[in-house]
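Subject: Structure handover

Hi,

Here is the structure I promised to pass on. Please have a look at it first, and then read my notes below.

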Amino acid sequence: MANPKSHLIPSRSAKRANYDPEVINSILDEALYCTISYSYDNKPFSIPTAFVRYEDKIYIHGSVGSHFIRELEKGIPVCISVTLMDDLVVAKSAFHHSVNYRSVIIFAQAEKIEDAETKTEAFKWLTDKIVPGSWDYLRPIQAREVLKTTALAFKIEEASAKIRSGMPVDDDEDLELPIWSGLIPLQTRRMSPLADSLSQTIPVPAHLQHL
């Protein structure tokens, strides 16, 4: 994206913006959830939801009766945001405390997926992103379940990433102060599976042992 549209250029710290599709896709592929913002009846709404990227689109799903989904499928403009937090940045002054992060903003409109085969594929992509390797292990999805669910796709076209990395940046006059500064790393990771009451005697499947 050589010449990003004005609404994709940050009003502050523009040097942190990145329009490289590979950078944008890497953030989207790591994140499990996005937030979709839109306007309805002159009121703002912002809804978090799971998503998956496949090629140049991201996909979400929801009940055919969901007000949120039914509004989006009309093709109204939305803003989709994703943020990954990497470190708390601890400076020598509160003013310079910050966060190392990677984020993506996408402006798009929904495309409703009507084809049942493509819908099913989208559900597979999302399921295997949230719990890798689980689709083929689970009871196969049923046609009635596909009918009860709406799949929406959003083209990753008007998109930008914004990234902050590195150590704190303190004022020159504070550099010699005997105050600790540095990073506190943050991490989101999958822990060991916990069986419910119906699975106490069922071995943990291989795809859940190495998440």
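Does Cys34 count as buried or exposed? Cys34 counts as buried, at 2% relative accessibility; here buried means under 20% relative accessible area, exposed over 50%, and partly exposed in between (1.4 Å probe, protein chains only).

Before going further, some ground rules. This is a predicted model, with local features needing pLDDT of at least 70 and side-chain atom pairs counting only at pLDDT 80 or more, while totals for chains, interfaces and linings use all residues. Residues are numbered from 1 along each chain as its sequence is written, and side-chain values use heavy atoms, with hydrogens and water left out.

**The cysteines**

The closest cysteine sulfur to that of Cys34 is in Cys79, 10 Å away, which is too far for a bond. Cys79, for its part, is partly exposed, with a relative accessible area of 23%. With a disulfide taken as a pair of cysteine sulfur atoms within 2.5 Å, the count comes to zero.

**The chain as a whole**

The protein chain has five helices and 10 strands. These are DSSP runs numbered from the N terminus: helices are H or I with at least four residues, strands are E with at least two. Along the principal axes, the C-alpha atoms fill a box of roughly 65 × 50 × 30 Å. Of the 211 residues, 35% are buried. The accessible surface comes to about 13400 Å², and 54% of that belongs to carbon and sulfur atoms (Shrake-Rupley method with a 1.4 Å probe; for residues, only the protein chains shown count as cover). Among contacts (heavy atoms within 4.5 Å) between residues at least 6 apart in sequence, 72% join residues at least 24 apart.

**How the strands pair**

Two strands are called paired if DSSP finds at least two bridges between them. Strand β6 (residues 77-90) runs antiparallel to β7, and 12 bridges join the two; Leu84 stands opposite Arg102 in β7. Strand β9 (residues 158-164) also pairs with β7 in the antiparallel sense, over seven bridges, with Ile105 opposite Ser160 in β9. Strand β8 (residues 149-155) is joined to β7 by three bridges, again antiparallel. There, Lys112 faces Leu152 and Ala110 has Phe154 as its bridge partner.

β8 has another antiparallel pairing, of seven bridges, with strand β5 (residues 57-63); His61 and Ala151 are bridge partners there. Why can β8 be called largely enclosed by the rest of the structure? Because six of its seven residues are buried.

**Salt bridges**

With a salt bridge defined as a side-chain nitrogen of Lys or Arg within 4 Å of a carboxyl oxygen of Asp or Glu, the model has nine of them.

- Asp29 and Arg53 meet at 2.8 Å, N to O. Asp29 lies in helix α1 (residues 21-30) and Arg53 in strand β4 (residues 52-54), so the pair ties together parts that are 24 residues apart in sequence. Asp29 is partly exposed at 36% relative accessible area, and Arg53 is partly exposed at 22%.
- Glu30 pairs with Arg102, the closest N and O atoms being 2.8 Å apart. This pair links distant parts of the chain, with Glu30 in helix α1 and Arg102 in strand β7, 72 residues apart. Glu30 is partly exposed, at 45% relative accessibility.
- Lys124 pairs with Asp128, the closest N and O atoms being 3.6 Å apart. Both lie in helix α3 (residues 116-130), four residues apart, about one turn of the helix. Lys124 is partly exposed at 26%, and Asp128 is partly exposed at 22%.

Salt bridges that share partners also join Glu30, Asp86 and Arg102 into one network.

**A nonpolar patch**

Finally, the surface. Met85, Leu88, Trp180, Ile184 and Leu186 form a nonpolar patch there, with about 480 Å² of accessible area together. Patches are built from residues with over 30% relative accessible area and no salt bridge, joining like charges within 9 Å and nonpolar side chains (Val, Leu, Ile, Met, Phe, Trp, Tyr) within 5 Å.

Best wishes
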